[in-house]
Amino acid sequence: MSKEKLVALSAAGVSIWLDDLSRERLTSGNLDELIRDWNVVGVTTNPTIFAGALSKGESYDEQVRELANRGADTEATIREVTTTDVRNACDKFRDIYNSTNGVDGRVSIEVDPRLAFDTDKTVAEAQDLWKTVDRPNLLVKIPATEAGLPAITKTIAEGISVNVTLIFSTERYQAVMDAYLAGLEQAKANGHDLRSIHSVASFFVSRVDTEIDKRLDKIGTDEAKALRGKAALANAWIAYGAFEKTFQGSRWEALKADGANAQRPLWASTGVKDPSYSPTLYVDQLVVADVVNTMPEKTLHAVADAGKIVGDTVTGRAAEGQEVFDQLAAVGIDLEDVFKVLETEGVEKFEKSWEELLETVTNQLAQLKG
């Protein structure tokens with residue numbers, strides 16, 4: 001399998017991050033190999049990823065046994081285990097972090113998803129994760145719920161770097177960028193060095209097609225079916241247009257003069273769910289400088305094998321994206337409802353994964369004690 005396409009993707013300005021982390025990846029040499037040979041320059045995690053990692057194999061047994069014998073409860077054990085993985089991953093990416101001035105070499109960890117609708121508890125959890133991991137290349141993930149928006153501002157104001165997650169609509173994305181700029185303004189007032197604060201905005205891609213395609217199939221007309229597989233890319237192109245406008249105005253220029261970093265768009269959920277689509281669809285058509293694409297290893301391999309990297313496929317396509325949205329509305333798709341459903345389901349999915357994680361660790365503590 002050739003790595004040329006991954007090299008081309010990186011050369012086009014896309015930072016390749018892996019959407020997965022586990023103790024096994026860290027200890028087996030797999031993550032080292034992906035960094036060395038596969039152009040991977042960052043890692044994202046979420047509750048679903050950790051729930052899957054802890055339910056497989058025995059790689060966590062030694063640490064969980066030690067914590068069980070110390071009398072640690074389930075929540076403390078989860079915190080210890082997940083922050084250990086993230087801290088060790090941060091160390092593996094430290095050279096990349098240093099060589100890119102903090103732009104890449106990043107590892108993300110999510111606040112407890114059960115706090116998604118509680119601003120103050122989200123901020124407190126973000127501060128605690130930042131102190132516990134204690135690495136400058138950490139990104140704390142905060143969901144872009146309405147309660148998450150002020151939490152983003154307050155966390156950035158404390159000088160903590162943030163990955164804003166679960167963004168589905170351009171309207172919410174605009175609010176996220178505004179929350180970031182407000183956070184930088186407060187951070188400056190608080191005496192923080194803006195050069196040290198970084199952020200990405202995780203804009204979810206494939207789930208948009210999954211939800212809208214389902215609705216198009218239900219409508220069933222030829223016009224509706226012709227729009228299958230077009231909504232997610234259209235949404236991302238519109239979002240990128242909003243990014244370009246926001247990070248060139250006078251408000252941004254004033255912060256940039258003080259060393260602030262732009263909040264890069266991150267394409268998340270880029271693994272293809274519909275087998276009739278190209279497995280590299282959400283990579284090939286989202287190539288543009290200064291973005292991140294975080295992908296599962298399966299998608300990474302698909303890009304290396306069959307990616308079609310032909311340069312910038314995003315700039316100037318916001319109007320094209322809006323045409324697709326107009327066509328979707330014309331056939332009866334309620335986009336506002338789509339985005340509301342996706343956000344609700346996104347939070348619920350992570351909450352469910354967290355519950356699974358709690359159950360797995362509770363059982364492991366009981367089994368490994370003594």
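A residue is called buried when its relative accessible area is under 20%, exposed when that area is over 50%, and partly exposed in between, with a 1.4 Å probe and protein chains only. The model is predicted, with local features needing pLDDT of at least 70 and side-chain atom pairs counting only at pLDDT 80 or more, while totals for chains, interfaces and linings use all residues. Residues are numbered from 1 along each chain as its sequence is written, and side-chain values use heavy atoms, with hydrogens and water left out.

On this scale Asp 217 is partly exposed, at 38% relative accessibility. Asp 217 takes part in a salt bridge with Arg 228, in which the closest N and O atoms are 2.9 Å apart; the term stands for a side-chain nitrogen of Lys or Arg within 4 Å of a carboxyl oxygen of Asp or Glu. Arg 228 lies in the loop between helix 12 (222–225) and helix 13, and Asp 217 in helix 11, so the pair ties together parts that are 11 residues apart in sequence. Helices (H or I, at least four residues) and strands (E, at least two) are here DSSP runs, numbered from the N terminus. Arg 228 is likewise partly exposed, with a relative accessible area of 26%. Salt bridges that share partners join Glu 211, Lys 214, Arg 215 and Asp 337 into one network.

Glu 211 counts as buried, at 7% relative accessibility. The structure holds 25 salt bridges, and another of them is formed by Asp 128 with Arg 79, where the closest N and O atoms are 2.3 Å apart. That pair links distant parts of the chain, since Asp 128 belongs to helix 8 (residues 119–133) and Arg 79 to helix 6 (residues 74–92), 49 residues apart. Asp 128 is partly exposed, having a relative accessible area of 35%.

Contact means heavy atoms within 4.5 Å, and, not counting residues up to four places away in sequence, Val 86 touches Leu 21, Phe 50, Val 107, Ser 108, Ile 109, Val 133 and Leu 138.

Two further residues illustrate enclosed positions. Val 64, in helix 5 (residues 61–69), is buried at 0% relative accessibility, and, with residues up to four places away in sequence not counted, touches Thr 77, Val 81, Gln 364, Leu 365 and Leu 368. Thr 313 has its place in the loop between helix 16 (297–306) and helix 17 and is buried, with a relative accessible area of 9%. Leaving aside neighbours within four places in sequence, Thr 313 is in contact with Trp 237, Asp 284, Gln 285, Leu 286 and Val 287.

What space is left open? A pocket, on a 1 Å grid over the protein atoms alone, is an open set of points where a 1.4 Å probe fits, with protein on both sides within 12 Å along at least five of seven lines, and lining residues have an atom within 4 Å of a point. Grid points are joined across faces, edges and corners, and a volume is the space filled by probe spheres set on the points. About 610 Å³ of space lies in the largest pocket. Of the 34 residues that line the largest pocket, Asp 19, Asp 20, Asn 46, Thr 48 and Ile 49 are the closest to its centre. Helix 4 gives the most to this lining, with 4 residues.

The second largest pocket holds about 410 Å³ of space. Its lining has 21 residues, and those closest to the centre are Ser 169, Arg 172, Phe 339, Lys 340 and Glu 343. Helix 18 gives the most to the lining of the second largest pocket, with 8 residues.
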